[in-house]
Amino acid sequence: MVVRSASRIEAIQREHRASIAKLARDAAGNGKTLKQLAKLLDINYTTLKGALERRGYQHPRGMALLDVHYCSIFGTGLADTIADLAANSMSRGAISCELNIDAATLQRIADEHGIVFPKTIRKLDPTRIVAAMKSRVPHRNDLVLLTSDGQTHYIAEWARVKGFSATTLRKRLALGWPVHEALNHPVGERRHEIPLTPRARPSVSHPWRAERDAFFAQHNLKDND
């Protein structure tokens, strides 16, 4: 079995014109684990591991493998690479995508090496948010921008700010309430309707009055006006 394994290792070295240890170091530089290398070389993992140990090579694992990998790409270790990217104002999310490392692992490395990620706060334009949401759900009726007192929000946000439901606000607007009143009128308090202009009494000379007087006289009725 040992002879067969040794012959397989020799065959691989002849095929790739490199020692098995060099092939493993190159694989580590490409971020490959020892199991991945064994699969690429079509050799048993235990056989490959034993052959490398006899040659004094220990394949890196976990964070050590990542460190070797990024050192081969950027010329510096993983922690130094993260620090350089953070110093160039890259956020944690951007670095996570760039290096293909999950955010939790990235934060752990940063904590261990005292790396601080920049905090970028972008002011979002409400009109862009609404446009993006409408593009996904074009028939939503709550995506309406309202402006009052120099502030512009969509209905749901106004309702949250004012402390009542978006349904209440939509009903008020549907009833024709002015925007400022719809936003500021207390919930549960009766709204004072605008009084209608009293209808003018018909003048004495109006034809309708003559007809009415004749009607009252015919039926012996009195005019209480």
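In the predicted model, Arg17 lies in the loop that separates helix H1 (2–16) from helix H2 (20–29). The backbone of Arg17 adopts a phi near 55 degrees, which is a positive value in a residue other than glycine. With a relative accessibility of 80%, Arg17 counts as exposed, since the cut-off for that class is a relative accessible area over 50%.

A positive phi is also found at Asp149, where the angle is about 55 degrees although the residue is not a glycine. Asp149 is placed in the loop between strand S1 (145–148) and strand S2 (151–154), and its relative accessible area of 58% makes this residue exposed.

Turning to helix packing, helix H3 (residues 34–41) and helix H4 (residues 45–54) pack against each other at an angle of about 110 degrees, and their axes are 9 Å apart. Because angles of 65 to 115 degrees are counted as roughly perpendicular, H3 is described as roughly perpendicular to H4. The crossing of these two helices, H3 and H4, is right-handed. On the side of H3, the contact is made by Leu34, Lys35, Leu37 and Ala38, whereas H4 contributes Tyr45, Leu48, Lys49 and Leu52. Classified by residue type, the contact of H3 with H4 comprises 6 nonpolar and 2 charged residues, with no polar residues; the charged class includes Lys, and the contact residues include Lys35 of H3 and Lys49 of H4.

How values were computed: Residues numbered from 1 in each chain as written. Predicted model: local features only at pLDDT ≥ 70, side-chain atom pairs only at ≥ 80, totals over all residues. Heavy atoms only, no water. Axes fitted to C-alpha atoms, helices over the stretch in contact; angles between N-to-C directions. Helix = DSSP H or I, 4+ residues; strand = E, 2+ residues; numbered from the N terminus. Parallel < 35°, antiparallel > 145°, perpendicular 65-115°, else oblique. Left-handed = near helix turned anticlockwise from the far one by under 90°. Contact = heavy atoms within 4.5 Å. Buried < 20%, exposed > 50% of the residue type's maximum accessible area, 1.4 Å probe, protein only.
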